[in-house]
Amino acid sequence: MPTPLRGSRGAELASRSFEPEALTTARQLRGLRKNELAKKVGLTPAAVSQYELGQSRPSSSVVAQMAMALGVPATFFAAGHPHPAVPSAAHFRSLRATTQLQRDQAVAFGKIVWRLVMTVEHYVELPPVALPRLALPSEPSRADVAAVARDARDAMGVPTGPIAHVTRLLEAHGAVVLELPAMSERVDAFSHWYGSRPLVFRNPTKNDRARSRFDAAHEAGHLVMHLDAEPGSRIVENQAHDFAAEFLMPSAEILAELPQRLDWEALYALKRRWGTSLKALVYRAHALGVFREATYKRAMMMLSQNGDPEPCDLGPREAPLLLEKAVSLCEETGVPFDDLVARSGLPFELANEVYATATMTRPRLSLDASAEDGAPDAPQVLQLFSG
């Protein structure tokens, strides 16, 4: 593979074939407003707007300055790399909890992920996208949403009983699941169709198996039901919650298993069986009419007083695997990661960050800051463990 153009040659190439969308993506990825980028490179905000709208083309020197300010190679701005068609806004849990800048940054990271995924697909055939797209009535009831969730299980070939691994189910049907980088603690799990392939992002600080499963099912609900829905509304989010509840705990199956009174041991057993949180089980029992209002409130109050983590820990969150395995297959067939990065036009550090969000299996080093050097009874200072 040819060595990527660097320095002035890369800037000249990018100036001649400038791609406006690439500038917008790089700027949003760094969390910058147009006036902030303009200040960094000695331009006016109007000039940055004209570049992003394709109304004018920057000189090679301006390209070089913008590349330096945004931490990307100048060739990142050159035409020839694919850009995803984004048909609708991404579904974030709460628009009030995140700024537009934070949401733009997260969506821009998704575009970078998509670019690496498309590069990988030159060498590895990923699972075809087979997530069902099921329309809701114009004014759907909770029963309508539950029916869509059941239809989705059927369409995805889910047998009766608990779903063994929700993340793997989505990946097997063509979704790419990743962790969000440390860009904003307020950005919760979100999903988006990038071109014809859906991407699902999760908040890495929530290292809880039950939570990760419900988050994945919630985002599946958005991808299945909400292509054209206005994101962020309480109605749309509640529909995704109701979808996740029925998708993970079908009413026809779990109704007979729910205890008729507040029996924590029985709920612990159901948590282990269905892979859902105690709060989700209590809410489910209330929604299906098994728990009366007073029982529901008492259970939720007890869980709130207990705090996090909940009793009956199920272990760490479900790990994604699709992109990690695809990159490994590339390397096994003679296409090293460096070649993938060169073909994608991404800076190596950014491509590596994307890859890191797609795997939780690499060993990490943990340091015990409380241990004293040389202390005879000090605990083990270095510990290797898998994520």
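**Exercise 1.** Does Cys312 count as buried or exposed?

*Solution.* The scale is set as follows: buried means under 20% relative accessible area, exposed means over 50%, and partly exposed lies in between (1.4 Å probe, protein chains only). Cys312 has 18% relative accessibility, so Cys312 counts as buried. Cys330, at 0% relative accessibility, therefore counts as buried too. As for pairing, a disulfide is a pair of cysteine sulfur atoms within 2.5 Å, and by this rule the count comes to 0 disulfides.

**Basis of the values.** This is a predicted model, in which local features need pLDDT of at least 70, side-chain atom pairs count only at pLDDT 80 or more, and totals for chains, interfaces and linings use all residues. Residues are numbered from 1 along each chain as its sequence is written, and side-chain values use heavy atoms, with hydrogens and water left out.

**Exercise 2.** State the mean pLDDT of the protein chain and locate stretches below 50.

*Solution.* The pLDDT is the predictor's confidence in each residue, from 0 to 100. Its mean over the protein chain is 85, and 85% of the residues reach 70 or more. Residues 1-6 have pLDDT below 50, and this stretch has 8 contacts (heavy atoms within 4.5 Å) beyond near neighbours in sequence. Residues 362-387 are also below 50, with 28 such contacts in the model.

**Exercise 3.** Identify the buried residues of helix H15 and what covers them.

*Solution.* Helices (H or I, at least four residues) and strands (E, at least two) are DSSP runs, numbered from the N terminus. In H15 (residues 322-332), the buried residues are Leu322, Leu323, Glu324, Ala326, Val327 and Cys330. Their cover includes H6, H8 (166-172), strand E2 (176-179), H16 (337-344) and H17. Just after H15, Gly334 takes a positive phi of about 90 degrees.

**Exercise 4.** Describe how helix H6 (residues 100-120) meets helix H17 (residues 348-357).

*Solution.* Axes are lines fitted to C-alpha atoms, for helices over the stretch in contact, and angles run from 0 to 180 degrees between N-to-C directions. The axes of H6 and H17 come within 10 Å and cross at roughly 90 degrees. H6 is therefore roughly perpendicular to H17, a class that spans 65 to 115 degrees. Phe109, Ile112, Val113 and Leu116 of H6 meet Leu350, Ala351, Val354 and Thr357 of H17.

Terms used
Parallel < 35°, antiparallel > 145°, perpendicular 65-115°, else oblique.
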